Amino acid sequence: MWKFLVLATFVLSGHCFEDYLEENGRVVGGTEANRNAWPSQISLQYNSGGSWYHTCGGTLIRANWVLTAAHCVDRNMNFRVVLGDHNIYQTEGTEQVISVQRIFIHQYWNTNNVAAGYDIAVLRLSQNAVLNSYVKIANLPRDGDVLSNNYPCTITGWGMTRTNGQVSATLQQAPLPVVDHKTCSSSSYWGSTVKSTMVCAGGDGIRAGCQGDSGGPLNCAVNGVYYVHGVTSFVAASGCNTYLKPTVFTRVSAYIAWINNTINSN
């Protein structure tokens, strides 16, 4: 079985994120997104020693709710989200910073086995975001929707630009076509590691998600409207952009009922 690597990023002892920055960093194989191109994207940050550090992405799905990966928030830390951001190391005047009031992780999530699935969480914010041209609520797919093989989608995030490489200061994007479950679960791809509640995308050996992209969206346009079909979960431990090992996402359409029930009950 292929080893896998979850894509949260945490500061190493004695170092801060700025030590790993690259001037023109990007999602592996991607390009810098246009400012305001993905207004539902958030930066999930945690506090360490009085400073805040980016660790994961996420998506605004209600005015005071964010969707992210369970492995991003399954440790005891003080989290906040930054909305309307582009360069996470500069103040540009469009940002909204809101603390995370409560974290809801799927009840079947297993910290020690990301391949079991359920890598999904929702965060209740301490207040509503102000919706504007820089901060918008994302569209989620219908319950059970599954995209066809090679369907065009886009990953976005501030993650590392290559395996064990630099973190991007500015929001990046990369095209990642869907690899359907039949293909992705074949022996030449991920085999039984991937479940039907996951979405595979990419695998060309060039473009991929990487550490720091976790929890962020896989954006797929359906009839001209973008929907968040995936939550970035894991890649092969042999390298973020390993050939025939697509980036694996939690399939959002498999968890619509859980998302709605959690929000409506809290």
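Biologist: How many bridges join strand 3 to strand 6, and do these strands run parallel or antiparallel?

Modeller: Bear in mind that this is a predicted model. Strand 3, which covers residues 41-48, is joined to strand 6 by 5 bridges, and these strands run antiparallel. Within that pairing, Q45 stands opposite R80 in strand 6.

Biologist: Cysteines next. How many disulfides does the structure hold?

Modeller: The structure holds 4 disulfides. If you number the bonded cysteines in sequence order, the pairing reads 1-2, 3-7, 4-5, 6-8.

Biologist: Take C56 and C72, then: where do they sit in the chain?

Modeller: C56 and C72 are joined by a disulfide with an S to S distance of 2.1 Å. The pair links distant parts of the chain, since C56 is in strand 4 (residues 51-62) and C72 is in the loop between strand 5 (65-68) and strand 6 (79-83), 16 residues apart. C56 is buried, and C72 is buried as well.

Biologist: Is that disulfide left-handed or right-handed, and why?

Modeller: The torsion about the S-S bond of C56 and C72 is about -90 degrees, and the disulfide is therefore left-handed.

Biologist: What about C184 and C200, what is their S to S distance?

Modeller: The disulfide that joins C184 to C200 has an S to S distance of 2.0 Å. This pair, too, links distant parts of the chain, with C184 in helix 1 (residues 181-184) and C200 in strand 12 (residues 198-201), 16 residues apart. The torsion about the S-S bond of C184 and C200 is about -85 degrees, so this disulfide is left-handed. Both C184 and C200 are buried.

Biologist: And C210 with C240, left-handed or right-handed?

Modeller: The sulfur atoms of C210 and C240 are 2.0 Å apart, forming a disulfide, and with 65 degrees about the S-S bond the link is right-handed. C210 lies in the loop between strand 12 and strand 13, while C240 lies in the loop between strand 14 and strand 15 (247-251), so the pair ties together parts that are 30 residues apart in sequence.

Biologist: Are C210 and C240 buried or exposed?

Modeller: C210 counts as buried because its relative accessibility is 0%, and C240 is buried with a relative accessible area of 1%.

Biologist: Switching to T250: where is it found, and what does it touch?

Modeller: T250 is found in strand 15, and at 4% relative accessibility it counts as buried. Leaving aside residues up to four places away in sequence, T250 touches D119, I120, T197, H229, G230, V231, S233 and Y255.

Biologist: Last topic, the overall picture. What does the secondary structure come to, and how compact is the protein?

Modeller: The secondary structure comes to 2 helices and 15 strands. The radius of gyration is 17 Å, close to the 18 Å that the globule rule gives for 266 residues, so the protein is as compact as a globular protein of that length. Along its principal axes, the C-alpha trace spans about 45 × 40 × 35 Å.

Biologist: What share of the residues is buried, and what do the contacts and surface come to?

Modeller: Buried residues make up 55% of the 266 residues. Of the contacts with a separation of 6 or more, 73% are between residues 24 or more positions apart. The accessible surface comes to about 11300 Å², and 45% of that belongs to carbon and sulfur atoms.

Conventions
Residues are numbered from 1 along each chain as its sequence is written. This is a predicted model: local features need pLDDT of at least 70, side-chain atom pairs count only at pLDDT 80 or more; totals for chains, interfaces and linings use all residues. Side-chain values use heavy atoms; hydrogens and water are left out. A disulfide is a pair of cysteine sulfur atoms within 2.5 Å. Helices (H or I, at least four residues) and strands (E, at least two) are DSSP runs, numbered from the N terminus. Buried means under 20% relative accessible area, exposed over 50%, partly exposed in between (1.4 Å probe, protein chains only). Two strands pair if DSSP finds at least two bridges between them. The radius of gyration is taken over C-alpha atoms; the globule rule is 2.2 Å times the number of residues to the power 0.38. Contact means heavy atoms within 4.5 Å. Accessible areas come from the Shrake-Rupley method with a 1.4 Å probe; for residues, only the protein chains shown count as cover.
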